[in-house]
Amino acid sequence: MTFPIEAIVFLFLLATALAVTHLRDLFAAAMVFGVFSLLSAGLFTLMDAVDVAFTEAAVGAGISTVLILSTLALTDPREHQQPVRFAPVAVVLLVGAALVYGTLDMPYYGDPTAPIHKHVAPEYIEGAMTDFGIPNIVTNVLASYRGYDTLGETTVVLTATVGVMLLLGGLGGARHRGDAEVVEAAGDEEPTPMDRVQVARVSTTVLAPLIMLFGLYVQFHGDFGPGGGFQAGVIFASALILHGIVFGLSSLKRVVSPRFLEIGLAAGVLIYAGTGVASLFRDGTFLDYAVLDHHSAQHGRHLGILLVEAGVGITVTCAMVLIFFFFAGRRAAKSEEPGDRDRRVA
Amino acid sequence: MMFATAIVGILITMALALARALKGPTVFDRILAANMFGTKTILLIAAAGFLTGRPDWTDLALVYALVNFAGTVAVLKYVRFQDMAAGGE
Amino acid sequence: MVLFIEIASWLLLVGGAGFCIVGAIGLLRMPDLYSRTHAATITDTLGAGMVLVGLALQAGPNLTALKLLMVLAFLLYTSPVSGHALVKAAYSHGIKAELDVPIDPQQVQIPERPARDAPTDSARGKEGADDVSD
């Protein structure tokens, strides 16, 4: 099959990207950007990067749209016309040309002699079945071979969320609980426009539990199919955020309190690092899961990956919902100002 | 072969929906086109899994079928929310 | 039996892709938002439905086929909801339907009749149902 599907999807991607830069109405740009996300997930799938596509799907379909729109509600939804300055354009063109020149030396797509396939990849691919007995190599690499990196990434999620909390909750110092109360108060004041949309309420009641169930499936099936802690966390958070969108922030606050989420955010990283410490106590190295089970190294590795992925999932869920809390809480506080919707529609 | 045929059809559909998303003219047209694009992406991913002989990729299509709803609801809340603020309710 | 499944999935896949293209042409060519919504719905119902069932037939009776049918079920559940909310939001924003202008009194009656006779004919019934829900 030599039909160039990838090339066509890539052309669509290019057209969409150009359109996003061209559009002045940022709400319209956000819609077209949603198409961009769909296309890139499709492209990842076509290029066999299913786990990456899975992440793009989970994040791009729901949460990134929610966050972009929350940002738009906080700021001006229209891009201001700025005079074209030539120095930045020249820099961008130069860097772009350099990058394109750099790709000329890169190995072809799917080339088996590419350096990346020579170094450690064969070891990982061999080890996936013999050491782990887990079909999804990506999960192995993320959670075990590259366990340190993933611990770092999870910590980055934690740090970034704390940064968002500090920025949007005000830089009022260490009173986190005070910040949470600000969000709660704003949530109470927020009018819930979806109250009047019975259809959305009923369908959310049906769908949100199904999304959560699917999130759990992705969490615990990540060893065998595409998925894992990051994706599951995002999917699980999508269900909670969907509830928050339709029933209002105050209702979501009754489901999961910001305090609970803050604890969960840190607890996930603690579970991850704690698994590493537990393996230290069993005379292994940090994050060496093989020692976690007395009888079988393979079982120990299964257990370790399960725990680590659970930690990632908890942290990502709490991070996403907390960020939503802070963005939407801000929006509710600002909602007194009437929006200029006419320009947006036109 | 049959999967390739279906994928070509889906790609044509995507191109037309993309044209509508870029043309507008109202924001609702773009939302409509983006929604339709989402459905077509689900179909493309499902069919591409069969084309490359790995049909277990349907998990990906399931994510879209479920999570896309959250995004759509967010968009429509954004639209209506502005309406509520302007109406002073 | 194998031949039957092959033929059936060929028909379903090609038919579904065809309905998708037809709906997309409608999305591009129809004059106003409401008629475009009408055109777009066919890609979510018949288009996606036929393609997904065709793929499920190829997968055979296993988990993949079940997942494909679940995808279809969720699509059939969510796409009317989002379509309904979209049109409602557009209407409350004062988007006018261009095809709304009654020129000929006889033409005014035509949209009402299929809505009442909807259950008798599936193809017209689809349109009638859409009109009622909008």
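Guide: Between chain C and chain B, about 3700 Å² of area is buried, and carbon and sulfur atoms give 80% of it; buried area here is the accessible area, taken with a 1.4 Å probe, that two parts lose on being put together, summed over both. On the side of chain C, the residues that lose the most area to chain B are Leu27(C), Leu28(C) and Leu86(C), which together make up 16% of what that side buries. The size of an interface is often given in this way, as the accessible area lost when the parts come together.

Please keep in mind that this is a predicted model, in which local features need pLDDT of at least 70 and side-chain atom pairs count only at pLDDT 80 or more, while totals for chains, interfaces and linings use all residues. Residues are numbered from 1 along each chain as its sequence is written, chains are lettered from A and ligands numbered from 1 in the order in which they are written, and side-chain values use heavy atoms, with hydrogens and water left out.

Counted by residues, the contact (heavy atoms within 4.5 Å) takes 45 residues from chain C and 44 residues from chain B. Between these two chains there are 3 salt bridges, a salt bridge being a side-chain nitrogen of Lys or Arg within 4 Å of a carboxyl oxygen of Asp or Glu. In one salt bridge, the side chain of Arg36(C) meets that of Asp29(B), at 2.4 Å from N to O. Side chains of opposite charge can pair when their charged atoms come close.

There are also 6 residue pairs in polar contact between chain C and chain B, both residues being at pLDDT 80 or more; a polar contact is a pair of N or O atoms within 3.5 Å, where, within protein, one must be able to donate a hydrogen and the other to accept it, and residues adjacent in sequence count only if both atoms are side-chain atoms.

As for the side of chain C that touches chain B, at least two residues each are supplied by helix H1 (2-29), helix H2 (33-59) and helix H3 (63-92) of chain C, helices being DSSP runs of H or I with at least four residues, numbered from the N terminus. H3(C) gives the largest share of that side, 16 residues. Sorted by class, the side holds 29 nonpolar, 10 polar and 6 charged residues, where Ala, Val, Leu, Ile, Met, Phe, Trp, Tyr, Cys and Pro count as nonpolar, Asp, Glu, Lys and Arg as charged, and the others, Gly among them, as polar.
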